[in-house]
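Here is a short briefing on one protein and its ligand. The points are grouped by topic.

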Amino acid sequence: MRDRSIIITGGGSGIGRAAALLCAERGARVAIVDHAGDRASAVAEEARLHGAPAALGVACDVRVEAEVAAAFDAAAAALGSARGLFCSAGIDMGGMAHELEQVVWDRVLDTNLRGVYLCCKHALRRFLADDQGGAIVCTSSVMACGSIPGGSTAYSVSKAGILALVRSLAVDYARYGVRVNAILPGATETPLMWANVASGDVAQAREIINLEVPLGRLATPDEPAQAAVWLLSDEASYVTGSHLVCDGGVLARLALSA
Ligand SMILES: NC(=O)c1ccc[n+]([C@@H]2O[C@H](COP(=O)([O-])OP(=O)(O)OC[C@H]3O[C@@H](n4cnc5c(N)ncnc54)[C@H](O)[C@@H]3O)[C@@H](O)[C@H]2O)c1
């Protein structure tokens, strides 16, 4: 990864931030793209302190194609042609299907699925123009493969869509030397994890999850980030179209018995 330029969406927080710092430690140049521009800039500064030869924070809403194109242009101008993209930007807004406002459905799908597609599209254009190949990692979720009660419909649909997107892009762009993979994090200790839990209930919810995860705890943001950084790296040179689960054993566990 040394001196390679990597774009990380949602890099202002959580898993994206952790991946940015891991890439920085490996000597990559990193562009942190986040609609919270102040956090993007702060993580770019952290990345420099972690060893990135150059880093840039860019404010961008991944739902808006013109903003994605401008952010990727800014990254190329400051850091050189990108060789990697990690799509981590995402939101989780819940609600039972019969009560869900269409505006919530649209917001979740626009951010988590259209946003990922737009970022892939603009990264692919640059990879093809540079003719050097590239690697893309998109962030799905265990919620793409299983459901928990409580109204995660829109989120689950958005994350399942990412798996189909990844398979499709992997097949279409393999001939251009572009690899496309997904990570499926399980419960990971970030602001998004608790977005739909009242602050007074977080401690109890964490205890319940710890009991239910086979490895006995939530992931730290570094853990799914390590999986993403491996998929971005040449160590994964023969891996494309894959869905890498990083969930402490949750999907492997049947929930019908104690
Ligand atoms: N935390 C978990 O338990 C968990 C589990 C499975 C999957 N995920 C996925 O991991 C990814 C990262 O989530 P996280 O847990 O690090 O959450 P987080 O809230 O810490 O980080 C998400 C980042 O995305 C940014 N973002 C949101 N909407 C955006 C937009 N429209 N444009 C640009 N940036 C935007 C936010 O500003 C934030 O910095 C998400 O796609 C999430 O769905 C998280």
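**Briefing: ligand site, fold and local contacts**

A nitrogen atom of the ligand sits 2.9 Å from a side-chain N or O atom of D61. The model is predicted. The protein buries 95% of the 820 Å² that the ligand exposes when taken alone.

**Ligand contacts**

- K159 places a polar side-chain atom 2.8 Å from an oxygen atom of the ligand.
- T188 uses its backbone instead: an N or O atom there lies 2.8 Å from a ligand oxygen.
- Two elements give two or more residues to the shell around the ligand: α1 (14–25) and α5 (153–173).

**Ligand shell**

- The ligand is surrounded by 30 residues.
- The closest of these are S13, I15, D34, Y155 and T190.
- By class, the shell has 14 polar residues, 11 nonpolar ones and five charged ones.

**Overall fold**

- The protein has seven helices and seven strands.
- Read from the N terminus, the element order is β-α-β-α-β-α-β-α-β-α-β-α-α-β.
- The C-alpha trace spans about 50 × 35 × 35 Å along its principal axes.
- The radius of gyration is 18 Å, which agrees with the value near 18 Å for a compact globule of 258 residues.
- Of the 258 residues, 48% count as buried.

**S156 in helix α5**

- S156 belongs to helix α5.
- Its relative accessibility is 10%, so S156 counts as buried; the cut-off for buried is under 20%.
- The S156 side chain reaches the backbone oxygen of M143 at 3.1 Å.

**Aromatic pair**

- The structure holds one aromatic pair.
- Its members are Y173 and Y176, with 5.9 Å centre to centre and 40° between the planes.

**Points to check in the viewer**

- For the ligand, start from the side chains of D61 and K159, then turn to the backbone of T188.
- For helix α5, look at S156 and its contact with the backbone oxygen of M143.

Note on methods
Residues are numbered from 1 along each chain as its sequence is written. This is a predicted model: local features need pLDDT of at least 70, side-chain atom pairs count only at pLDDT 80 or more; totals for chains, interfaces and linings use all residues. Side-chain values use heavy atoms; hydrogens and water are left out. Rings of Phe, Tyr and Trp (its six-membered ring) pair if their centres lie within 6.5 Å; planes under 30 degrees apart count as stacked, over 60 as edge-to-face and the rest as tilted. A residue is near a molecule or strand if one of its heavy atoms lies within 4 Å of it. A polar contact is a pair of N or O atoms within 3.5 Å; within protein, one must be able to donate a hydrogen and the other to accept it, and residues adjacent in sequence count only if both atoms are side-chain atoms. Accessible areas come from the Shrake-Rupley method with a 1.4 Å probe; for residues, only the protein chains shown count as cover. Helices (H or I, at least four residues) and strands (E, at least two) are DSSP runs, numbered from the N terminus. Ala, Val, Leu, Ile, Met, Phe, Trp, Tyr, Cys and Pro count as nonpolar, Asp, Glu, Lys and Arg as charged, and the others, Gly among them, as polar. The radius of gyration is taken over C-alpha atoms; the globule rule is 2.2 Å times the number of residues to the power 0.38. Buried means under 20% relative accessible area, exposed over 50%, partly exposed in between (1.4 Å probe, protein chains only).
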